[in-house]
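Please keep the sequence and the structure in view while reading.

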Amino acid sequence: MKRKIVLGMLTYILGAGTMYAQPQQPVRESKNEQPSSFRSNALWYDTNGEPMNVHGGGMLYQEGTWYWFGEKRGRSRSEGVNVYSSKDLYNWKYEGIALAQVTDTTSDIAQGCLMERPKVIYNKKTRQYVMWVHLELRGQGYAAARAAVAVSPTPVGPYQFLKSFRPNGNMSRDMNLFVDDDGAAYHIYSSDENMDLRMARLSDDYLSPTTQDSLLFRRQREAPALFKKDGLYYLITSGCTGWAPNQASLHTASSLFGPWQLIGDPMTGPGANKTFGGQSTYVLPVPGKQHAFIYMGDRWNPQNLKDSRYQWLPIQFKEGQVVIEWMDNWDLTWFDKIK
Ligand code: DGJ
């Protein structure tokens, strides 16, 4: 009995300390309200007044417009890849399903497959938008561990599925893409049952991995989000605990293929040791602003995946250290104030 009371008190105290994990006020109360700040964990509505459904996502910036690609989810089902567009990062217009699943049960992307963590990059030479997504084949759980590639002549698609495979024969689950200053693109992926984090340089058309593919480190990490600042590469990852939050870590390297040095947990403040109840998905460099990067995460709701929430936080550089702290409500002017 005593134990129960102590446990109850502990839960209460811990609960009180995890305000960050509680749903907050919706960003948009009505169709007509135009949000002008980021409120992580709140319900984010699109410009039609519908809750946004864009999880495990990533961003593409083209000529003044951001395109946010992410998983379209049902309660648990994967329903393809959604895309939204925005001119200001606050107000998002639904552009539809960028990559759909198909009814042909023999296809790699047959309904019932899993499409997770989609990312899109633009290839200047072929003038194609190229999507990579973690693909699990219908009816096989997470056993297939493949990457899929799809292309479109326009940013919003619809994207045409080209192929799926294990890069250079390696298992490939959580993933991201990164385009370096010289235009070379890279696929970062969790491999060998998520024990390894690997990176493969892509072919010039971004459609295939090259054999320049190597182990970054073997530390059982997933949810990779890579960015570059002042010639140094930063890589945020999570641990592997399914949908449950765990501790993030940061690695840095002066060269993409390493060596990658483990720095530690970049999150700080209450809830930091569980990544504020969320998991990394992307780091967005803000165009036109120097040293402005937005950490994008997901607060998963495994009971109802489509109701998973978004966590966007500014990345701070304090005395050479990357620091991410919880902010209930902030906007892009935050980056001007720190100069
Ligand atoms: C953790 C991964 O980061 C997610 O993308 C998803 O695959 C879940 N595991 C499934 O449990």
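## Contacts of the ligand

A polar contact is a pair of N or O atoms within 3.5 Å. With that cut-off in mind, and remembering that this is a predicted model, one can look at the side chain of Gln279, where an N or O atom is 2.9 Å from an oxygen atom of the ligand. Arg117 also takes part through its side chain, a polar atom of which lies 2.9 Å from an oxygen atom of the ligand, whereas Gly242 uses a backbone N or O atom, placed 3.5 Å from a nitrogen atom of the ligand. On its own the ligand has 290 Å² of accessible area, and the protein covers 89% of this.

## The shell around the ligand

The residues that surround the ligand are Glu116, Arg117, Tyr142, Asp174, Glu222, Gly242, Trp243 and Gln279. Sorted by class, this shell holds 4 charged residues, together with 2 polar and 2 nonpolar ones.

The ligand takes up the space of the second largest pocket, which has a volume of about 240 Å³. Among the 14 residues that line this pocket, those nearest its centre are Glu116, Tyr142, Asp174, Glu222 and Gly242. The whole lining of the second largest pocket is made up of 6 charged, 4 polar and 4 nonpolar residues.

## The largest pocket

The largest pocket has a volume of about 1100 Å³, and of the 43 residues in its lining, Ile121, Phe178, Val179, Asp180 and Pro285 are the closest to its centre. The lining of the largest pocket counts 24 nonpolar residues, beside 12 charged and 7 polar ones.

Several strands supply at least two residues each to the lining of the largest pocket, including strand 1 (55-62), strand 9 (175-179) and strand 18 (279-285). Strand 5, however, gives the most, with 5 residues.

## Details of the backbone

The bond that joins Gly157 and Pro158 is cis, with omega about 10 degrees, and Pro158 belongs to the loop between strand 7 (146-152) and strand 8 (160-165). The bond from Gly258 to Pro259 is likewise cis, with omega near 5 degrees, and Pro259 is found in the loop between strand 15 (249-253) and strand 16 (261-264).

Arg127, which is not a glycine, has a positive phi near 55 degrees, and this residue is found in the loop between strand 5 and strand 6 (128-136).

Definitions and conventions: Residues numbered from 1 in each chain as written. Predicted model: local features only at pLDDT ≥ 70, side-chain atom pairs only at ≥ 80, totals over all residues. Heavy atoms only, no water. Near = heavy atom within 4 Å. Polar contact = N/O pair within 3.5 Å; in protein donor to acceptor, adjacent residues only side chain to side chain. Areas by Shrake-Rupley, 256 points an atom, 1.4 Å probe, with all protein chains shown as cover. 1 Å grid on protein atoms, 1.4 Å probe; cavity = no way out; pocket = protein on both sides within 12 Å on 5 of 7 lines; lining within 4 Å. Sits in = over half its atoms within 2 Å of the grid points. Nonpolar A, V, L, I, M, F, W, Y, C, P; charged D, E, K, R; others polar. Points joined across faces, edges and corners; volume = space filled by probe spheres on them. Helix = DSSP H or I, 4+ residues; strand = E, 2+ residues; numbered from the N terminus.
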